[in-house]
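Let's take a look at how charged side chains pair up in a protein. Have the sequence and the 3D view ready while you read.

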Amino acid sequence: MYLRKSLREILEKIEGNYVKNFNILIYGETGTGKEVLAREIHKKLKIEGEFVAVDTSSIPETLFESELFGHKKGAFTDAKEDKTGLIEIANNGTLFLDEVSNIPLNIQAKFLRFLETRRFRRIGDIKEKESNFLLISATNEKLEELVKEGKFRKDLYYRISDFKISLKPLREEKEEIENLMRDFLGSQIKFSRRAIEFLYCYPFYGNIRELERFCRYIKFLNKKEIDIEDFPQDMVEMWCKKERLNDRKIKDIVECMNNKFLKIMVENYLNSGGNIEGLCEELKVKKRQLYNILKSLNIKIPKNKLQ
């Protein structure tokens, strides 16, 4: 699996057994590879136990305590048998808490106490157990803001963030797009120049996860050569609606995109309140040139947009 440059640089800084005693907090937008990095840290530190990944957003609040700490048979109505909690399963390994901000406040207090003592009780049990593991938490939220709003405990925030890591979004590492696509697709599929240029312009708000989804779509097409016309329509339309026109001249847009998608961009500009004068300024062209472009795109201008 290919790791982009920023992740490799982070891993180079994580050396020695001392890191095993730190609680690591990874910040990053959705899809930036937080779990991928966590797994690589687990491997790099040669931790013997399991890597236990927990998507905290998928756990109902009423089941959170049982999922984390486990329970004894009969501890509550649906406790038909003993249950081993994730904290116990992760002993001698790594516990990865994805979207840690979703832990309910009442559970945060109990989890904090566990982190301070490394001892816990299953629900309904009187016997304490111990569990030691590397804790890696991840979030796309600004925990400092949640602390100010009273939605996340300040003491827990400090406890889980001995070592902070921030992951770059893909749009800040666009030089890695082609490397990642080769990893997802192999080297047999070729992209046209304008297709590559489009991908470099595209913001990838879903980051690596969105790029991987795009590559699955391309693989499904079963074509050896890919051009913009082969891209998912929703992907292109979304980009056209968000992209500003004045960042590049008309010839650059035409080179990068076919007329179908250029038309979407121009119509979106006009429908959002722009007029001919503004469009000329945006595209850095004279009116005569613009009218020729609009005619070629078969775009009819409403009278109220002519000024």
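Glu40 and Lys43 sit three residues apart in helix α2 (residues 34-44), so about one helical turn separates them. In this predicted model, their side chains meet in a salt bridge, at 3.2 Å from N to O. Lys43, at 53%, is exposed because its value is over 50%.

Now for a pair that reaches across the chain. Glu65 and Lys110 form a salt bridge at 2.5 Å, N to O. Glu65 belongs to helix α3 (residues 64-69) and Lys110 to helix α5 (residues 105-117), so this pair links distant parts of the chain, 45 residues apart. Glu65 is partly exposed at 26% relative accessibility, and Lys110 is partly exposed too, at 28%.

Strands get a bridge as well. Glu130 and Arg119 meet at 2.5 Å, N to O. Glu130 lies in strand β7 (residues 129-130) and Arg119 in strand β6 (residues 119-120), so the pair ties together parts that are eleven residues apart in sequence. Arg119 is partly exposed, with 30% relative accessibility.

| Salt bridge | N to O distance |
|---|---|
| Glu40 and Lys43 | 3.2 Å |
| Glu65 and Lys110 | 2.5 Å |
| Glu130 and Arg119 | 2.5 Å |

Definitions and conventions. Residues are numbered from 1 along each chain as its sequence is written. This is a predicted model: local features need pLDDT of at least 70, side-chain atom pairs count only at pLDDT 80 or more; totals for chains, interfaces and linings use all residues. Side-chain values use heavy atoms; hydrogens and water are left out. A salt bridge is a side-chain nitrogen of Lys or Arg within 4 Å of a carboxyl oxygen of Asp or Glu. Helices (H or I, at least four residues) and strands (E, at least two) are DSSP runs, numbered from the N terminus. Buried means under 20% relative accessible area, exposed over 50%, partly exposed in between (1.4 Å probe, protein chains only).
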